[in-house]
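This report describes a protein structure for a reader who is new to the subject. Please keep the sequence and the three-dimensional view at hand while reading.

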Amino acid sequence: MSKGQSGLGKSTLVNTLFKSQVSRKASSWNREEKIPKTVEIKAIGHVIEEGGVKMKLTVIDTPGFGDQINNENCWEPIEKYINEQYEKFLKEEVNIARKKRIPDTRVHCCLYFISPTGHSLRPLDLEFMKHLSKVVNIIPVIAKADTMTLEEKSEFKQRVRKELEVNGIEFYPQKEFDEDLEDKTENDKIRQESMPFAVVGSDKEYQVNGKRVLGRKTPWGIIEVENLNHCEFALLRDFVIRTHLQDLKEVTHNIHYETYRAKRLNDNGGLPPGEGLLGTVLPPVPAIPCPTAE
């Protein structure tokens, strides 16, 4: 899932991340056209191949926020969507004749896009992440990082980390879920150096040193999306798709989903007779005749 203020290139980066137009149906636009503005929550399935192994992912493109005069509680539609996916999974899980493999539409990761102001996070960003971090794994991303100098980028990353810490906002990988010292050492490095990832997204290809590369053309040259000297897009892609994909799913299942499940089942404790969890009607129990004395 991608989330953030309007105009930060969320759809473009998602397309770049999977090297495909996954955030738009191919029939609706081509690479040369401007990507239309996202106006609704849209889930699109996509198959990627890593090391000969095919994986089916679902990308959820969401509308930007901050355009309205009143942005109060603007995180609620996203929070509602995430909880609806937990509810779907729970209903399948408590079903008596449940499927061997329950379809998993739960949101395992939310890329939260931060505007490259170079100053500080907006109060709306802090409030949004504070709510979402309770129900989903948040990965903060600085969008359009090519608008900042190297010094500005480094200082802004430090400032964002500090503001998130001061406001009690846990982003992935969360400190409390480090399983051992090796985990903690590796994740501390990610939390203190990589986060938030400063990225650049582009759907366009250019010729650089005889190779076709994804990039952004500027008056002073081509900004190569996958060049680590230019931005941290490659680090983000490896982090989400390769090194931490399974862990993201495990944290979702063992922490976020379990929290929702426990609360939901607790709320359904006082059901009327004859009904199971979440309104599932149970089959009648056959009467057992009492033994008669001879």
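## Overall composition

A residue is called buried when its relative accessible area is under 20%, exposed when that area is over 50%, and partly exposed in between. By this rule, buried residues make up 44% of the 294 residues in the protein. The model under discussion is a predicted one.

The protein contains seven helices and nine strands. Its accessible surface amounts to about 17,000 Å², and carbon and sulfur atoms account for 51% of that surface. Among contacts between residues at least 6 apart in sequence, 67% connect residues at least 24 apart.

## Helix α7

Helix α7 covers residues 245–267. Its 23 residues, at 1.5 Å a residue, should span 33 Å, and the end C-alpha atoms are 32 Å apart, so the two values agree. Several residues of α7 are buried, including Leu248, Val251, His256 and Tyr260.

Glu258 also takes part in a salt bridge with Arg261, in which the closest N and O atoms are 3.7 Å apart. Because these two residues are three residues apart in helix α7, about one helical turn separates them. Arg261 has a relative accessible area of 27% and is therefore partly exposed; Glu258, with 30%, is likewise partly exposed.

## A buried loop residue

Val135 belongs to the loop between α3 (123–132) and β5 (138–142). Is this residue buried or exposed? Its relative accessible area is 11%, so Val135 is buried.

Which residues does Val135 touch, if neighbours within four places in sequence are left aside? They are Glu79, Ile82, Asn83, Tyr86 and His256. One of these, His256, is itself among the buried residues of α7. The C-alpha atom of Val135 is separated by 9.7 Å from that of His108, a residue 27 places away along the chain.

## Other salt bridges

In total, the structure holds 17 salt bridges. In one of them, the side chains of Lys157 and Glu232 meet with an N to O distance of 2.9 Å. This pair links distant parts of the chain, since Lys157 is in helix α4 (residues 150–166) whereas Glu232 is in the loop between β9 (221–224) and α6 (233–243), 75 residues apart. Both Lys157 and Glu232 are buried.

Another salt bridge joins the side chains of Asp104 and Arg106, at 2.8 Å from N to O. Arg106 is buried, because its relative accessibility is 8%. Asp104, at 34%, counts as partly exposed.

## Backbone features

Most residues other than glycine have a negative phi, and most peptide bonds are trans. Two peptide bonds described here depart from that pattern. The bond from Tyr172 to Pro173 is cis, with omega near 0°, and Pro173 is located in the loop between α4 and α5 (181–194). A cis peptide bond also joins Met195 and Pro196, with omega about -15°; Pro196 lies in the loop between α5 and β6 (197–198).

Positive phi values occur as well. Lys144 is not a glycine, yet its phi is positive, at about 50°. Lys144 is placed in the loop between β5 and α4, and its relative accessible area of 36% makes it partly exposed. Asn209, also a residue other than glycine, has a positive phi near 50°. It sits in the loop between β7 (205–208) and β8 (211–218), and at 76% relative accessibility Asn209 counts as exposed.

Notes:
Residues are numbered from 1 along each chain as its sequence is written. This is a predicted model: local features need pLDDT of at least 70, side-chain atom pairs count only at pLDDT 80 or more; totals for chains, interfaces and linings use all residues. Side-chain values use heavy atoms; hydrogens and water are left out. Helices (H or I, at least four residues) and strands (E, at least two) are DSSP runs, numbered from the N terminus. Buried means under 20% relative accessible area, exposed over 50%, partly exposed in between (1.4 Å probe, protein chains only). Contact means heavy atoms within 4.5 Å. Accessible areas come from the Shrake-Rupley method with a 1.4 Å probe; for residues, only the protein chains shown count as cover. The expected span of a helix is 1.5 Å times one less than its number of residues. A salt bridge is a side-chain nitrogen of Lys or Arg within 4 Å of a carboxyl oxygen of Asp or Glu.
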